[in-house]
Amino acid sequence: VNCPDISKERVHVVHLEALGYSMNLNPKTYIGVAVETSDENAVHDGQEVICPMPFPKTDAVYQKVLDNTNEAGEYVDIRVPVIAGKIPLVYLKFKTKKYRFTNKAHRATLHTPEELFSAEEIDQIEKYAAAMKVDFCEFDVLRHKGNQKIYIIDVNKTPYGPPDPLAKKDKAM
C-alpha cells in the first residue's frame, strides 16, 4: 500500500541508501559487459550487453554482471520474503545459464535467514524493507562471488510463495 514504485531505478536508489553501494552503471561511460534490463518490474528480460553504449535504451537500467554461480555452475538466486519488517525464511532458487534472467528454477531449497546472511546483512535487508515501505513482499537477492556482497535486484509486492521446485515437505512449512 505504501510502496507504489518498485521500478529498477527505485530499487537502485534505495539500495544505495540502505546498503551503501549499488549495482547500477552508466552505460555511456562504463567499459565492459553489463546487464540491460527493463526498468519495469517482473519483465524478466535481462540480457548481457557490451558497454559503452552511445544510445542506451531510455526505459532500461544497466547493472554490473554479478557472478552468483555455485561450484556446480548453477546460478543461485536468493528469494527473501519479508513480513512486517522481518525475514521468516529464505529460499535458494537454482537456475541454468539459459534461464538465468528468468523466474524458472530447476530446484529450490529452504533456509533460515541466519544460514545465508550475516547479522549485518539481515539488518541491511530489514532496513531496505523499511526504506521501501513494504510490509509484505519478497526480495530477489544475489550474492556476488567477486566481493561477497549481497545485491537486492528486485522487489516483488505480490509474493507468490514457495518456488515450484521446492520439496513438498518444505512447502508445507
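**Group meeting: an antiparallel sheet, its pockets and a cavity**

Okay, let's start with Arg100, which is found in the loop between S5 and S6. Those labels are DSSP runs numbered from the N terminus, with helices being H or I of at least four residues and strands being E of at least two. Before I go on, this is a predicted model, so to speak of a local feature we ask for a pLDDT of at least 70, side-chain atom pairs count only at pLDDT 80 or more, and totals for chains, interfaces and linings use all residues. Residues are numbered from 1 along each chain as its sequence is written, and side-chain values use heavy atoms, with hydrogens and water left out.

Back to that arginine. Is Arg100 buried or exposed? Arg100 is buried, because its relative accessible area is 11%, and the cut-offs here are under 20% for buried, over 50% for exposed and partly exposed in between, using a 1.4 Å probe and protein chains only. And what does Arg100 touch? Leaving out residues up to four places away in sequence, Arg100 touches Glu48, Val65, Leu66, Asn68, Tyr75 and Lys95; contact means heavy atoms within 4.5 Å.

Now the sheet. Five strands make an open sheet, ordered S6-S5-S4-S7-S8, with antiparallel pairing. Two strands pair if DSSP finds at least two bridges between them. At the edges sit strand S6 (107-111) and strand S8 (150-156), each pairing on one side only. On average, neighbouring strands of this sheet are turned by 25° against each other, direction ignored. For angles, axes are lines fitted to C-alpha atoms, for helices over the stretch in contact, and the values run from 0 to 180 degrees between N-to-C directions.

Let's walk across it. S5 (residues 90-95) is joined to S6 by five bridges, and the two run antiparallel; Leu92 has Thr109 as its bridge partner in S6. S4 is joined to S5 by five bridges, again antiparallel, and there Tyr75 has Lys95 as its bridge partner in S5. S4 and S5 form a hairpin with six residues between them, and Ala84 in the turn has a positive phi of about 50°. On to S7: S4 and S7 pair in the antiparallel sense over six bridges, with Val80 opposite Phe139 in S7.

How covered is S4? Mostly: eight of its nine residues are buried. Helix H3 (residues 119-132) lies across strand S4 (75-83), strand S7 (136-143) and S8, and it runs at about 35° to S8.

Next, the spaces. Here's how they are defined: on a 1 Å grid over the protein atoms alone, a cavity is a set of points where a 1.4 Å probe fits but cannot get out, a pocket is an open set with protein on both sides within 12 Å along at least five of seven lines, and lining residues have an atom within 4 Å of a point. Grid points are joined across faces, edges and corners, and a volume is the space filled by probe spheres set on the points.

By this rule there is one cavity of 30 Å³ or more. The largest cavity holds about 380 Å³ of space, and of the 26 residues that line it, the closest to its centre are Lys8, Arg100, Phe101, Leu142 and Ile153.

The largest pocket has a volume of about 200 Å³. Its lining includes Asn68, Leu92, Phe94, Arg143 and Lys145. S4, S5 and helix H2 (113-116) are the elements that give two or more residues to that lining.

One of those residues, Lys145, is in the loop between S7 and S8. Lys145 counts as partly exposed because its relative accessibility is 41%. Lys145 and Asn68 are 77 residues apart along the chain, yet their C-alpha atoms are separated by 6.1 Å. Lys145 touches Asp67 and Thr69, not counting residues up to four places away in sequence.

Last stop, the second largest pocket, with about 160 Å³ of space. Of its 13 lining residues, the closest to the centre are Asn41, Ala42, His44, Asn156 and Thr158. The largest share of the lining, three residues, comes from S8.
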